[in-house]
Amino acid sequence: IDLPALYPTSLTPTLLTTLRTYYHTTYKDQFFSPTGPPTAWFSVFLWMEALYHVPLSLWAVGALYD
């Protein structure tokens, strides 16, 4: 539920927006607030996750089946 902050608003799926709002409402996590952009360091963290962690995880899951 964290990477939709990087999507353009017009491309964000409704399900992800709903999950993000539910998470923020339930756990009061200010990093996932729907009212404003994340802080600068959190944006960098999200980009690192999108560019490094997601591809690495996909590769690792694929390697489990080989």
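The model is predicted, so local features need pLDDT of at least 70 and side-chain atom pairs count only at pLDDT 80 or more, while totals for chains, interfaces and linings use all residues. Residues are numbered from 1 along each chain as its sequence is written, and side-chain values use heavy atoms, with hydrogens and water left out.

Helix α1 (14-27) has 14 residues, and its first and last C-alpha atoms are 20 Å apart, close to the 20 Å expected at 1.5 Å a residue. The expected span of a helix is 1.5 Å times one less than its number of residues. After α1 comes Lys28, with a positive phi near 55 degrees. Lys28 is not a glycine. Most residues other than glycine have a negative phi.

Lys28 belongs to the loop between α1 and α2. Lys28 counts as exposed because its relative accessibility is 58%. Asp29 lies in the loop between α1 and α2 and is buried, at 18%. From Pro34 to Thr21 the C-alpha distance is 6.6 Å, and the two are 13 residues apart in sequence.

Helix α2 covers residues 40-64; its 25 residues should span 36 Å at 1.5 Å a residue, and its end C-alpha atoms are 35 Å apart, which agrees. α2 bends by about 35 degrees at Glu49, where the bend is the angle between axes fitted to the seven residues ending at a residue and the seven starting there. Glu49 is also one of the buried residues of α2, which are Phe42, Leu46 and Glu49.

The aromatic side chains come next. Rings of Phe, Tyr and Trp (its six-membered ring) pair if their centres lie within 6.5 Å; planes under 30 degrees apart count as stacked, over 60 as edge-to-face and the rest as tilted. By this rule there are seven aromatic pairs. In one of them, the rings of Phe32 and Phe42 have centres 5.8 Å apart and planes at 90 degrees, so the pair is edge-to-face. This pair links distant parts of the chain, with Phe32 in the loop between α1 and α2 and Phe42 in helix α2, 10 residues apart. Phe32 is buried at 9% relative accessible area, and Phe42 is buried at 7%. The rings of Trp41 and Phe42 are also edge-to-face, because their centres are 5.8 Å apart and their planes at 80 degrees. Trp41 itself is exposed, with a relative accessible area of 54%. One aromatic cluster is formed by Tyr23, Tyr27, Phe31, Phe32, Trp41, Phe42 and Phe45.

Phe31 lies in the loop between α1 and α2 and is partly exposed at 33% relative accessibility. Together with Trp41, Val44, Phe45 and Met48, Phe31 makes a nonpolar surface patch of about 530 Å².

Technical notes
Helices (H or I, at least four residues) and strands (E, at least two) are DSSP runs, numbered from the N terminus. Buried means under 20% relative accessible area, exposed over 50%, partly exposed in between (1.4 Å probe, protein chains only). Patches are made of residues with over 30% relative accessible area and no salt bridge: like charges are joined within 9 Å, nonpolar side chains (Val, Leu, Ile, Met, Phe, Trp, Tyr) within 5 Å. Accessible areas come from the Shrake-Rupley method with a 1.4 Å probe; for residues, only the protein chains shown count as cover. A salt bridge is a side-chain nitrogen of Lys or Arg within 4 Å of a carboxyl oxygen of Asp or Glu.
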